[in-house]
Amino acid sequence: MCFYQSLNKITYPNFEIIVVDNASTKDDPQIIKQKFPGVVFVKNPINYGFAAGNNFGIMAARGKYVMLLNFDTEVTENFLEPLVDKLEEYPIFGAVSPKIRFFHTPDTIQYAGYTTMNPFTLRNFAIGSREVDNGQYDSDYETAYAHGAAMLVPMNVIKKIGMMSYSFFLYYEEADWCERIKRAGFRICYVHNSLVYHKESISTGKLSPMKIYYLNRNRIIFMRRNILV
């Protein structure tokens, strides 16, 4: 089942799907529109990066909430209801994320919340990462950061704090966004009974020069924006 097919099976009654093409080079993005004519399709002339790609989608959205989903995710059919319910019941939360498991090892957790950022190393850790899911994180709780691959944010919060910063291009942008959400007086929540699968490999893999560059570059930018204040 692909990303779009999993979205078409969700049970939430009122939603729109917005697809942002960030200047794809490998495939013809028009295929998406042809196969799934109901989607709102946004095509960027150049690759503006992760933050800007999400921002273009947000600008096209008409709903009360915006669900950011990576293309390499697959959702469960009832994943959206617990996230919306949490935000409806507790307006103090400015962003929520589901439990995320690895797609290729579906019993293994990738994300059940995040630890706080170490102010010296500017690194943090995903709670439950690489643990077999035996229900040990089956409760909702406040967490330091939402996960950029799957996070639901109220539109009124976005209007208050603004969209993701274009400064980052790749990595640390959702952490920076969460810091701004928290500074505005909101909190971040992990919602255990919402489940999304992420096709990111469970193994660390090799770091490409581009990844190493942006991780280190953006760590400094994040520190200047959020630590040295």
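Lys99 lies in strand S5 (residues 93-102), where helices (H or I, at least four residues) and strands (E, at least two) are DSSP runs numbered from the N terminus. This is a predicted model, in which local features need pLDDT of at least 70 and side-chain atom pairs count only at pLDDT 80 or more, while totals for chains, interfaces and linings use all residues. Residues are numbered from 1 along each chain as its sequence is written, and side-chain values use heavy atoms, with hydrogens and water left out.

**Surroundings of Lys99**

- Lys99 is buried, with a relative accessible area of 3%, buried meaning under 20% relative accessible area with a 1.4 Å probe and protein chains only.
- The side chains of Lys99 and Asp133 are joined by a polar contact of 2.8 Å (a pair of N or O atoms within 3.5 Å; within protein, one must be able to donate a hydrogen and the other to accept it, and residues adjacent in sequence count only if both atoms are side-chain atoms).
- Beyond its neighbours within four places in sequence, Lys99 has contacts (heavy atoms within 4.5 Å) that include Tyr111, Asp133, Tyr137, Tyr190 and His192.

- The buried residues of H7, among them Tyr214, Ile221 and Phe222, pack against helix H6 (173-183).

Technical notes
Buried < 20%, exposed > 50% of the residue type's maximum accessible area, 1.4 Å probe, protein only.
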